[in-house]
Amino acid sequence: MKDSFYEQLVPVKRAKTFFYGGMILFLLVLAAVVLVSFLFLGITAVLIGWVVGMLFYFFIYPKFNIEYEYSLVNHNLDIDVVYSKSKRKHLYSLDLQEAEAIAPKDSPALHSYGGARTKDLTSRTGQYPAYSIIVAQNSGRMNLVIEPDAEMLERIRQWSGRKFIAENA
């Protein structure tokens, strides 16, 4: 049997103010911690500052560079997040044939799914049109917003059948 496989990486565009704001906030907190610690602890404040800085560098800083990876194998869509091009975390696996609806993000056909929790898995740049995939979960419905390119969109259309709602609907 021949499987159909397609993969797409979507880098997330964060606002520079988000990045610089986070860095400035961290540096201010670190400076305050070191200053207050230095008054009470002396030289161990430098050690505490170094430990806090390393924790930031290894656990928080990698979250600033994010990419989403959409992998489509036949009718199974896997969505992963990649931090700093080195750490991967699996987010969702779904069967497109079991999805309730697949439509452009702002389509009127999705109004009946208004209570669904929304997860934005797009680049936030608008490079490609965003599509919503409505899936059933234990606690209700979830609206996964993805940004597929033209080829992935065509493959999704082939595998999802009547659940795919075209842009002009």
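These legends describe close-up views of the strands in a predicted model.

Residues are numbered from 1 along each chain as its sequence is written, and side-chain values use heavy atoms, with hydrogens and water left out. Because the model is predicted, local features need pLDDT of at least 70 and side-chain atom pairs count only at pLDDT 80 or more, while totals for chains, interfaces and linings use all residues.

**View 1. The open sheet of four strands, in the order β1-β2-β3-β4.** The pairing in this sheet is antiparallel, where two strands pair if DSSP finds at least two bridges between them; strands (E, at least two residues) and helices (H or I, at least four residues) are DSSP runs, numbered from the N terminus. Strands β1 (5-11) and β4 stand at the edges with a single partner strand each, so one side of each has no neighbour in the sheet. From one strand to the next the twist averages 20°, with axes taken as lines fitted to C-alpha atoms, for helices over the stretch in contact, and angles running from 0 to 180 degrees between N-to-C directions.

**View 2. Strand β1, its partner β2 and helix α3.** Strands β1 and β2 run antiparallel and are joined by seven bridges, and within this pair proline 11 stands opposite glutamate 67 in β2. Helix α3 (residues 150-160) lies across β1 and β2 and runs at about 130° to β1, contact here meaning heavy atoms within 4.5 Å.

**View 3. Strand β3 between β2 and β4.** Six of the eight residues of β3 (residues 76-83) are buried, so the strand is largely enclosed by the rest of the structure; buried means under 20% relative accessible area, exposed over 50% and partly exposed in between, with a 1.4 Å probe and protein chains only. Eight bridges join β3 to the antiparallel strand β2 (residues 66-73), and valine 82 in β3 is the bridge partner of glutamate 67. The hairpin of β2 and β3 has two residues between the strands, and asparagine 74 takes a positive phi near 55° there. Strand β4 (residues 87-95) also pairs with β3 in the antiparallel sense, over eight bridges, and three residues lie between the two strands in their hairpin, where serine 84 in the turn has a positive phi of about 50°.

**View 4. Strand β7 with its partners β5 and β8.** Five of the seven residues of β7 (residues 131-137) are buried, so this strand is largely enclosed by the rest of the structure. Four bridges join β7 to β5 (residues 101-104), which runs antiparallel to β7, and alanine 103 stands opposite serine 132 in β7. With β8 (residues 140-146), β7 pairs in the antiparallel sense over seven bridges, and the two strands form a hairpin with two residues between them.
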